[in-house]
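Trainee: I would like to go through the labels on this model one at a time. For each, I want the value and the rule behind it.

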Amino acid sequence: MHPSTRRNALSLSCGFAALSIAIAAAPAAFAQDTTVSDVIVTAQKRAENLQDVPVSVVALAGEKLQSTFAAGDDILALSAKAPGLYAESSNGRAAPRFYIRGLGNSDFDLAASQPVSIIQDDVVLENVVLKSSPIYDLDQVEVLRGPQGTLFGRNTTAGIVKFDTVKPSEEVKGRAAATYGSYNTLTFDGGVGGAIVPGKVAGRASLLVQHRDNWINNAFTKQKDALGGFDERAARLQVLFTPTEALSALFNVHGRDLDGTAAVFRANILTKGSNKLNANYDRKTVYFDAGGNNPQKYKGWGTSANIGYDFGDVTLTSITAYEETHGSSRGDIDGGNLSGPGFIPFPSESTDGIKKLDQVTQEIRLASDTDGPLSWQVGGYYFDASYQIRTDPGFAPATTLEQKNTAWAVFGQASYKATEALTLTGGLRYTSDDKDMKVVSGPNPAAAVSVSDEKVSWDLSAFYNVADNVSVYGKVASGFRGPSIQGRDIAYFSPASTAKSETIMSYELGLKSELLDRRVRLNGAVFTYTIDDPQFSAVGGGSNSNRLINAKKGEAYGVELDGEFVVSPNLVLTAGYSYSHTEIKDSTLAVAVCAQCTVTDAKNAAGQALVNGNPFPNAPEYTLDFTARYSVPFGADGELFAFTDWKVQGLTNFFLYESKEFYSKGDFEGGLKLGYAKLDGAWEAAVFARNITDEDNLKGAIDFNNLTSFVNEPRIVGVSLNVKM
């Protein structure tokens with residue numbers, strides 16, 4: 001980062017703090033009957049108030065989370081719902097790709113390594129298909145920004161998205177959300193539980209059903225409503241045993257069954273020299289001559305045991321988990337046929353799937369539980385995964401690869417309250433990571449490949465209360481993403497590629513504040529990070545390769561803001577903003593370019609694009625999100641309400657190289673819900689719309705054949721009913 005940029009970032013952080021202190025010290029202008037609610041997070045593997053942790057974290061829950069999934073969307077709907085968070089996929093409802101602070105991985109293979117970790121009920125979901133596990137009967141989503149390697153391990157150089165489901169309770173509690181909308185979109189998300197043996201055993205059962213009819217016509221085969229639909233079903237059973245006051249054991253069994261449509265690629269919907277959709281684009285029509293209308297099917301199940309024992313001054317926690325999944329996706333990759341739309345030089349289709357994936361994880365953690373100034377935790381972690389991936393390129397026999405990954409780690413963290421205002425925290429983690437790949441079957445008998453590495457990650461932070469409800473913090477953190485193997489190119493008669501570990505050093509200054517008698521919550525952070533040997537995927541190009549590469553270095557800096565304002569008991573506003581500047585630093589790094597687009601980078605003698613100075617792929621320059629809820633009393637115990645949510649995404653380049661076609665800029669989407677609700681939260685009925693303005697936004701592209709792209713979800717208008725007990 002340029003020195004002046006660092007000075008500006010520091011000045012911005014100091015300005016936030018000064019503004020918050022001034023507002024906190026000012027006389028209250030509002031009555032004190034309405035305040036922002038406390039938010040409890042587990043960003044440090046302890047239950048803590050959001051305002052007391054030296055981590056840039058945002059929590060999503062309640063109406064904002066509920067409305068996001070009203071139209072049956074999958075996990076990708078979280079994209080831009082928190083500052084700095086972005087998500088996309090070229091694999092339909094499977095294999096999402098997440099990015100935080102501009103850092104992610106655009107690799108579309110099912111063996112791809114990601115720098116954003118997905119954790120559900122304290123279990124890491126490592127493989128990209130596991131990351132697509134349905135989310136339902138949720139209590140809260142936490143987005144942890146920046147390296148989290150000390151407590152959460154490798155492959156968290158960008159951050160974590162953490163899902164916590166509703167747990168069993170002694171009291172009988174239940175909730176259900178049902179919606180019906182356009183294209184016969186139907187959703188049901190609910191859970192119910194309570195005591196089985198009072199004081200000793202409690203349980204909770206949860207269910208998800210999502211359906212949409214096929215609604216996209218295939219004009220080439222003259223099939224109406226040929227694709228675009230999905231059926232997603234998932235269920236979970238949790239049983240909590242508390243035989244003594246000291247011992248608790250939570251057992252979880254869950255499964256999913258997906259039968260839907262893979263990504264819908266659309267040929268030549270961009271005109272050379274422009275990223276604007278052209279006349280070839282019709283949301284409800286494609287021209288596929290192959291791919292069988294892009295079917296996608298996945299099934300899986302998992303189980304976990306979270307056991308805790310309270311010894312008095314310390315608590316022992318053991319989390320054992322197993323996950324299994326299998327399935328496949330098939331697609332017409334060129335997005336059309338040899339007669340169009342536009343010029344398609346050759347046909348392309350492929351089928352990729354996981355024959356079987358097994359993942360076993362074990363974590364043991366010992367944590368202090370005292371009221372003294374010192375708190376600490378130490379632990380160990382073990383990870384083992386194996387799976388076979390089958391790739392059928394369409395023009396040659398299928399290739400099956402087997403990959404195995406074993407990792408283990410030991411870690412510790414301690415916090416010390418040096419004064420009433422100052423808390424210091426430090427952590428350390430050692431990790432060993434091994435990966436192996438071999439060809440099981442196929443026409444290209446490539447040699448087996450193995451990679452391994454071991455690293456130490458650490459972090460240091462200081463958290464200081466500068467006034468009532470106003471705190472600042474500083475954090476320095478390192479982390480690493482383990483070495484990776486990419487074998488998909490073997491199916492296309494090219495060798496496998498590997499990438500060595502990437503390491504990150506991150507610096508962050510943050511603000512946590514609650515102002516105006518706690519009617520306003522304003523949190524923010526400025527950050528900068530440097531990555532040595534960042535792992536990138538050179539996808540596509542004229543050869544349709546998927547090659548792992550290491551750049552020499554990557555740099556980024558930015559700012560994040562989260563805010564909530566309780567204007568009155570009837571009006572609540574939230575807003576979030578993030579800005580990220582990312583830059584590849586490697587003067588010799590060159591990658592293959594597209595088949596038909598207009599590359600704006602300089603090229604080397606081999607015709608490859610020199611990408612030094614380019615932004616990271618799929619790194620939005622900024623994101624902005626906003627929500628507002630307004631209500632008026634209606635009757636003795638009810639209200640009429642309106643809730644709206646919007647998100648905006650800045651310049652986002654899709655590939656390592658830059659072109660005039662393959663990027664998005666200024667895309668936005670909004671939602672609206674109007675309804676009646678009981679004041680006690682017992683039930684709510686509403687009408688809703690998602691993507692209410694029916695925006696057609698580019699989400700990504702396929703560059704090796706023609707100017708192929710894919711777009712966002714359509715507008716869905718419907719009705720919803722929510723009940724609680």
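Mentor: Start with the second largest pocket, which has a volume of about 1100 Å³. This is a predicted model, in which local features need pLDDT of at least 70, side-chain atom pairs count only at pLDDT 80 or more, and totals for chains, interfaces and linings use all residues. Residues are numbered from 1 along each chain as its sequence is written, and side-chain values use heavy atoms, with hydrogens and water left out.

Trainee: What makes a set of points a pocket, and what makes one a cavity?

Mentor: Both are found on a 1 Å grid over the protein atoms alone; a pocket is an open set with protein on both sides within 12 Å along at least five of seven lines, while a cavity is a set of points where a 1.4 Å probe fits but cannot get out. Points are joined across faces, edges and corners, and the volume is the space filled by probe spheres set on them.

Trainee: Which residues lie nearest the centre of the second largest pocket?

Mentor: They are T42, K45, D122, N306 and R365, out of 44 lining residues; to count as lining, a residue needs an atom within 4 Å of a point. By class, that lining has 18 nonpolar, 12 polar and 14 charged residues. Nonpolar here means Ala, Val, Leu, Ile, Met, Phe, Trp, Tyr, Cys and Pro, charged means Asp, Glu, Lys and Arg, and the others, Gly among them, are polar.

Trainee: Why is K45 called buried?

Mentor: Its relative accessibility is 17%, and buried means under 20% relative accessible area, exposed over 50%, and partly exposed in between (1.4 Å probe, protein chains only). K45 therefore counts as buried. K45 also has a positive phi of about 60° although it is not a glycine. Its place is the loop between strand 1 (40-41) and strand 2 (48-49), where strands are DSSP runs of E of at least two residues, numbered from the N terminus.

Trainee: Which other residue has a positive phi although it is not a glycine?

Mentor: N184 is one, at about 55°, in the loop between strand 10 and strand 11 (185-197). Its relative accessible area is 35%, so N184 is partly exposed.

Trainee: How many cavities of 30 Å³ or more does the search find?

Mentor: It finds 13 over the whole structure. The largest holds about 900 Å³ of space and is lined by 48 residues, with D74, L76, V711, N712 and E713 nearest its centre. Strand 4 (85-88), strand 37 (638-649), strand 40 (667-678) and strand 43 (708-711) each give two or more residues to that lining. The classes there are 19 nonpolar, 14 polar and 15 charged.

Trainee: What is the volume of the second largest cavity?

Mentor: About 250 Å³. It has 21 lining residues, and Q120, L125, S133, H254 and E323 are the closest to its centre. Strand 16 gives the most to the lining, four residues. Eight lining residues are nonpolar, eight polar and five charged.

Trainee: What makes D696 and R283 a salt bridge?

Mentor: The rule asks for a side-chain nitrogen of Lys or Arg within 4 Å of a carboxyl oxygen of Asp or Glu. The closest N and O atoms of D696 and R283 are 2.8 Å apart, and the pair counts as a salt bridge. The two are 413 residues apart, D696 in the loop between strand 41 (683-690) and strand 42 (698-702), R283 in the loop between strand 16 and strand 17 (285-286). D696 is partly exposed because its relative accessibility is 33%, whereas R283 is buried because its value is 9%.

Trainee: How do you know that R488 and D109 form a salt bridge?

Mentor: Their N to O distance is 4.0 Å. R488 and D109 lie 379 residues apart, and both are buried. A further pair is D453 and K455, at 3.9 Å; D453 is partly exposed because its relative accessibility is 24%, and K455 is partly exposed because its relative accessible area is 27%.

Trainee: How many salt bridges does the rule give?

Mentor: The count comes to 41. Some form a network, which links D38, E514, R518, R521 and E564.

Trainee: Where is the cis peptide bond?

Mentor: It runs from G340 to P341, with omega near 0°. P341 lies in the loop between strand 19 and strand 20. I333 is placed in the loop between strand 19 and strand 20 (349-368), and I333 is buried because its relative accessible area is 14%.
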